[in-house]
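I opened my notebook to work through this protein step by step. Here is what I looked up, in the order I went.

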Amino acid sequence: MASHNPDSRRPQVAAALSHDGANASVDCSGIGAGSTAGIGAPAGGHPVMQPLSDDPFRPVPPCSPPADGAGGSAGRAAFWSVTVPCLLAFALLTAHAVRSGDWGTAAAWGVLAGLACTRLAWARLVMCAALFAGGLFWVSVGVELVRFRMAFGLDWLRLAGIMATVTGLTMAAWWRLAGDAGRLRHNLGTDTAWPRAIAFVLAAGLLWLARWRAARIVLLLSDRFLPGSGPLQIALAGVYAAWVAGLLLDPARARKARPRLWALFSAVFFGQLALGLLGAHRLLMTGALHLPVPALIMAGPLYRGEGVFMLVLFGVSVLLLGPAWCSHLCYIGAWDDACSRLRGAAAKAQGKGRRGKGPAPLPRWAVVLRWCLAAVVFAAAFAMGRAGVPLGVAATAAGLFGLAGVAVMAGLSTRRGMMVHCTAFCPMGVVGNLLGRIAPWRLRVGPGCTRCGACLAVCRYNALDARRLEAGRPALSCTLCRDCIGVCRHGAMQLTLPGVAPVTAWRIFSVLAAVLHAVFLNVARM
């Protein structure tokens, strides 16, 4: 990563984003205006990431884990001068929450204290933000208590001294953590520290905002079963989002991690739905049954003339991630993905090697069928609503349509190795692809493409073929799953975002995908 090798067959993005683990010596993890990714253009014409610091204000030398001798002494000194003050500061904040009877917030502070015991670079950034906010909190509490005592003519000097001491201890912990000693202590994964920290903050912030704004329902499951425990779930969700971001930031790992994370999301979704139908009604968001058929996201409002919550949520997701809703967040799409992979598994079990394991492209008439089917489904939903068709009849039709989709997965996706349901049957796939054109994300095939066919062997959305490679862009059915980028050995496949380098675009996309995945996973299902 420190130099460019023109003969390397690793993709440029993978080389720039690969995890250096404990020996990470550079940081190119800034996002947006907060960082400047140095992009060089040597003789080969391929962009090369220049090493960056894990500090947004000034470059710092690499921090390697202390070994023995003087290094071990420095590591022990960093523990006592950084970790212990942080634990003390979080203990004070935890004690205040316990004294106030807010045990959920106390547990959340405990999660941050646990991060202080790790050596993760992204945890350092999160704790710096938390400690600084904690210092401001102590100032606010101190001023309020002093004003109260002064208003009633009580002694306030002693209280002011205590609050000043507590504030000073918290800010001293923040100062040590933000300095060189903190970087020495928390030196694992410096290359992805900022994106993962941002993922933590965004996921936790969105869940906190949703919990605060949800007036009619208890949004978080933890609050339903243990009232007041929402802050703990939010803190854990932030940690999970940071972990997911770490997986998605590495192209090679993302190709394997994405379907597994997607399957986890689908399992949680349908697991909660099944338990809710069996009697655990607190697992259902509204207490009313909503058929888990993606087409109903739009067909439902067309039939009822109201109830656009899921449609708005879908629209916002597509505006943020483009058509990637279909490859990262759809609860049914994970089934189709799993079915399409069975063809490759069967070929491998029969000893056929790579030949015959790739997806079989769909005929051109399947694309036309997809558009016609979407038009028929949405028109039928609207017509049934205007004609006053009973809800039971409409629900039965929706259920049969959903079962037909499952049959397509089991019968066609498994046989062709292609996600036939998502690319030729699901009406919301069409909507996602169309709305995705509004989002700024694009997948482009650069001039370095050698037509080796590696991308064709992993594309399960019928979006790549020889003609599309020649045109330099995939078909409309592309869902930005990015599997093709992970296997491209020549760096020709790139995810682009106007105004930023491809490496930065990959980072922004990965963080947004991780955040939305964590938020959706932690919100109670319908």
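Before anything else I needed to know what counts as a helix: here, helices are DSSP runs of at least four residues, numbered from the N terminus. I also jotted down that this is a predicted model.

**Entry 1: the whole chain.** I looked up the secondary structure and found 21 helices and four strands. Of the 526 residues, 48% count as buried. The accessible surface comes to about 24,400 Å², and 67% of that belongs to carbon and sulfur atoms.

**Entry 2: salt bridges.** I searched the whole structure and got six salt bridges. I started with arginine 341, which pairs with aspartate 337, the closest N and O atoms being 2.8 Å apart. Where do the two sit? Both are in helix H14 (residues 333-349), and because they are four residues apart there, about one helical turn separates them.

Aspartate 337 is buried, at 3% relative accessible area, while arginine 341 is partly exposed at 26%. I then noticed that Arg258, Asp337, Arg341 and Asp483 are linked in a network of salt bridges.

**Entry 3: another pair in a helix.** Arginine 183 bridges to aspartate 180, with the closest N and O atoms 2.3 Å apart. They are three residues apart in helix H6 (residues 180-185), so again about one helical turn lies between them.

Entry 4: Arginine 451 and glutamate 470 meet in a salt bridge at 3.0 Å, N to O. This pair links distant parts of the chain, 19 residues apart: arginine 451 is in the loop between strand S3 and helix H19, and glutamate 470 is in helix H19. I noted glutamate 470 as exposed, at 60%, and arginine 451 as partly exposed, at 39%.

**Entry 5: helix H12.** I looked at residues 309-321, a helix of 13 residues that reaches 18 Å from its first C-alpha to its last. Which of its residues are buried? They are Phe314, Gly315, Ser317, Val318 and Leu321. Down the axis of H12 they fall within an arc of 165°, so they line one face of the helix. Their cover includes helices H11, H13, H18 and H21.

Valine 316 also lies in H12, but it is partly exposed, at 44%. Together with Val308, Val312 and Leu320, Val316 forms a nonpolar patch on the surface, with about 300 Å² of accessible area.

Terms used:
Residues are numbered from 1 along each chain as its sequence is written. This is a predicted model: local features need pLDDT of at least 70, side-chain atom pairs count only at pLDDT 80 or more; totals for chains, interfaces and linings use all residues. Side-chain values use heavy atoms; hydrogens and water are left out. Helices (H or I, at least four residues) and strands (E, at least two) are DSSP runs, numbered from the N terminus. The expected span of a helix is 1.5 Å times one less than its number of residues. Buried means under 20% relative accessible area, exposed over 50%, partly exposed in between (1.4 Å probe, protein chains only). The arc is that of the directions from the helix axis to the C-beta atoms. Contact means heavy atoms within 4.5 Å. Patches are made of residues with over 30% relative accessible area and no salt bridge: like charges are joined within 9 Å, nonpolar side chains (Val, Leu, Ile, Met, Phe, Trp, Tyr) within 5 Å. Accessible areas come from the Shrake-Rupley method with a 1.4 Å probe; for residues, only the protein chains shown count as cover. A salt bridge is a side-chain nitrogen of Lys or Arg within 4 Å of a carboxyl oxygen of Asp or Glu.
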